[in-house]
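Here is a friendly tour of a two-chain model, written to be read with the structure open beside you. Have the viewer ready and follow along.

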Amino acid sequence: MTTVYVPCDSAAVSIGADDVARAIAERAAARGLDVTVVRNGTRGMLWLEPLVEVATDRGRLGYGPVEVGDVASLFDAGFLDGAGHPLALGVVAEIPWLASQTRITFQRVGVIDPLDFDDWRAHGGLLGLRRVITAGAVEVIDELVASGLRGRGGAGFPAGIKWRTVAAAESDQKYVCCNADEGDSGTFADRMLLEGDPFTLIEGMVIAGLSVGATQGFIYSRSEYPVANDTFRAAIETAYREHMLGDDVLGAGVSFHLALREGAGAYICGEETSMLESLMGNRGMVRSKPPLPALEGLFGKPTLVNNVLTLATVPMIVADGGAAYGAAGFERSRGTQVFQLSGNVARGGIVELPFGLTLRELVEGYAGGTRSGRPVRAVQVGGPLGAYIPASGLDVPLDYESMIAINGMVGHGGVVVFDDTVDMAEQARFAMEFCSRESCGKCTPCRVGSVRGVETIDKIRSGVDRADNLALLDDLCTLMTDGSLCAMGSLTPLPVRSALTHFAEDFER
Amino acid sequence: MAARHPDWSSDAGQQVLDALPAGDRLVLPALQALQHAFGHVHDEAVPLVASLVNVSVAEVHGVLTFYHDLRRTPPASVTVILCTAEACQANGSRALVSEVEESLAKLGGRTSDGAVEVAEVFCLGNCALGPAALVNGRLCGRLDLDRLVAAVGAARAEVGA
């Protein structure tokens, strides 16, 4: 029997992976060949999707990007035996783009069948959870603190400290909430993990529950991710069946339950207090802090809120030790970051590497410049609230503090590349428009400021009192930064000001 | 994914609400369940949800109008949701939107036969393979007008519209 892998990830499916999988199965059947098609997650080399892999005694050999029309010639060439073909890529794990990465959080994504519990266990699943059960919560939280892991959702708060706060809170009920409301344009790592390695995230949430004393978990995902939600719901069912969830987790006499809730198309619900309100069924209105959600979160109870990537990294940290994870990284940014390369890039996808590499290494190295072949002009790092960095600024190291120092942010690790046809005044206007459309409306600087921002940029672009309106826009940015309740209003000025600073000429046309 | 839903009636709506598990007897999950069942949230459903959750009609209205997904009118047979956020902008989504508006329908509008509606969304998580769209819930990547029209045609054929 030969095993052929064709990704089930939505990105791969969006350009034909389902059709390719079907064509391979049909042709194998027609030729009487014993072939099993496994639908794995994606390796994250999206320019090679659909990437077909064949298991051979030399390892898993890749062919890509495969279209339905290529399937006949793959069979004719003998790809089931790893034969040569114009689309042959060799051993997938040895492709330099992939082999040079440090895959920790993403170590199983693309490798395993996402919903095959035994396959997952064979690749190290459950090691972290078993350690919590034997070693206890205090030791696990100590490991997490030692690892230096910071929240991967964007804020970068030390995860271990947050866990310790929730663990110390006294309450009859505590919750663990996984924030999977990945709304930032240019980010898709949460989705790929949900679709490609859901059991690892469930394991991380159970570890979190057992460590902080919570018995109920929720994952808040996006309605825009229908496939991820279906996969994750199926994974939850299997996890109950395998006693990773339930009233007696792995026979240890402890309880943890988990349910998925879908959002309803509101970017602001990625902000943690807004997410909690939405989980309670309410409008996603941001809350003032304090009180911290760690003390008064979901339904007023102590709640641990962490991002998908944070929680999915926990099992590896607990299994291998905090020191091992923290050994990689740069200054106060420890471990690896899952960068997501997108927009106008030749080679888009997932690059997981220790913090501290430069943006240039990502954009010119891994991404290979633009897909259009034109020069890179601007790179937006960290989502719609992140700064636009000019081509001359690509030598900045990617770590939390270095990015703040240039008035930017790492955010959730999204890197969106634009070529020289981009109009940066239009991008600045979009930043304000996005804020006006997605603001929860609770605080005035964000709700009204963003609308005034759009109007003011329109005046500048059409040459109305340009100098006065530029001064007004600068004042407005200061007000939004200092006066907004949450990151939505206070960070929207980042892309606007970076466009004004580095691309002033675009505002003078 | 075919957008075919039963007609709304208060009795049918109440049945959907009665079937909600205890943990989902909250405003947003109740509205989502109704929309899943009927394709939209009928005005008559608002007091039913208020009664179920024991909140005011105003609070239900507030939730219904807060979330972009929730709609108060039935959807077309085929829905096209185009991503217009930054990563897709970098790959030409603005030009694609212009072409779609010329040849198919305006954003927020429908084709002249009413069978296809077009809307926009900020990010579908297919940022490295943009421009992207959801066509009746199915994610499409590396779109140009031809590929999008083909996807819409396939969706129409599938639902017989």
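## A strand pair in chain A

Let's begin with strand β14 (residues 376-381) of chain A, which runs antiparallel to strand β16 (residues 414-419) of chain A and is joined to it by five bridges. Two strands count as paired if DSSP finds at least two bridges between them. Strands here are DSSP runs of E with at least two residues, helices are runs of H or I with at least four residues, and both are numbered from the N terminus. Within this pair, Ala378(A) has Phe418(A) of β16(A) opposite.

Before going further, please note that this is a predicted model, in which local features need pLDDT of at least 70 and side-chain atom pairs count only at pLDDT 80 or more, while totals for chains, interfaces and linings use all residues. Residues are numbered from 1 along each chain as its sequence is written, and chains are lettered from A and ligands numbered from 1 in the order in which they are written.

## The sheet around that pair

In chain A, an open sheet of five strands with mixed pairing has the order β13-β12-β16-β14-β15. Its edge strands, each pairing on one side only, are β13 (349-354) and β15 (388-390) of chain A. From one strand to the next, the twist averages 30°.

## Two crossing helices in chain A

How do helices α6 (residues 127-135) and α13 (residues 308-320) of chain A meet? Their axes come within 7 Å and cross at roughly 60°; axes are lines fitted to C-alpha atoms, for helices over the stretch in contact, and angles run from 0 to 180 degrees between N-to-C directions.

From α6(A), the contact uses Leu127(A), Gly128(A), Leu129(A), Arg131(A) and Val132(A), and from α13(A) it uses Val314(A), Pro315(A), Met316(A), Val318(A) and Ala319(A). Two residues are in contact if their C-beta atoms, placed from the backbone, lie within 7 Å.

## Chain B at a glance

Chain B contains seven helices and four strands, arranged along the sequence as α-α-α-α-β-α-α-β-β-β-α. Its C-alpha trace spans about 50 × 35 × 25 Å along the principal axes. Of the 161 residues in chain B, 43% are buried. A residue is buried if 20 or more other C-beta atoms lie within 10 Å of its own, exposed if 12 or fewer, and partly exposed in between, with C-beta atoms placed from the backbone.

The chain is divided into domain 1 (10-66) and domain 2 (78-159), with bounds that come from an automatic or database domain assignment. The C-alpha centres of these two domains of chain B lie 30 Å apart.

## Strand β1 of chain B

Is strand β1 (residues 78-83) of chain B mostly covered or uncovered? It is mostly covered, with six of its six residues buried. Side chains in a regular strand alternate between the two faces of the sheet. Here, Val78(B), Val80(B) and Leu82(B) lie on one side, Thr79(B), Ile81(B) and Cys83(B) on the other, and all are buried.

β1(B) pairs in the parallel sense with strand β2 (residues 116-121) of chain B over six bridges, and in the antiparallel sense with strand β3 (residues 133-135) of chain B over three bridges. Leu82(B) stands opposite Glu120(B) in β2(B) and opposite Ala133(B) in β3(B).

## Where the chains touch

In chain A, 42 residues are in contact with 33 residues of chain B. On the chain A side, α1 (10-14), β8 (257-262), β12 (336-343) and β16 each supply at least two residues, and α1(A) gives the largest share, four residues.

Ala87(B), in helix α5 (residues 86-89) of chain B, is buried because 38 other C-beta atoms lie within 10 Å. Leaving aside neighbours within four places in sequence, its contacts include Ser185(A), Gly186(A), Ser342(A), Gly343(A) and Val416(A), along with Cys127(B) and Gly130(B).

## Backbone details to check

Most residues other than glycine have a negative phi, and most peptide bonds are trans. The peptide bond from Gly130(B) to Pro131(B) is cis, with omega near -5°, and Pro131(B) sits in the loop between β2 and β3 of chain B. Cys123(B), found in the loop between β2 and β3 of chain B, has a positive phi near 90° and counts as buried, with 27 C-beta neighbours inside 10 Å.
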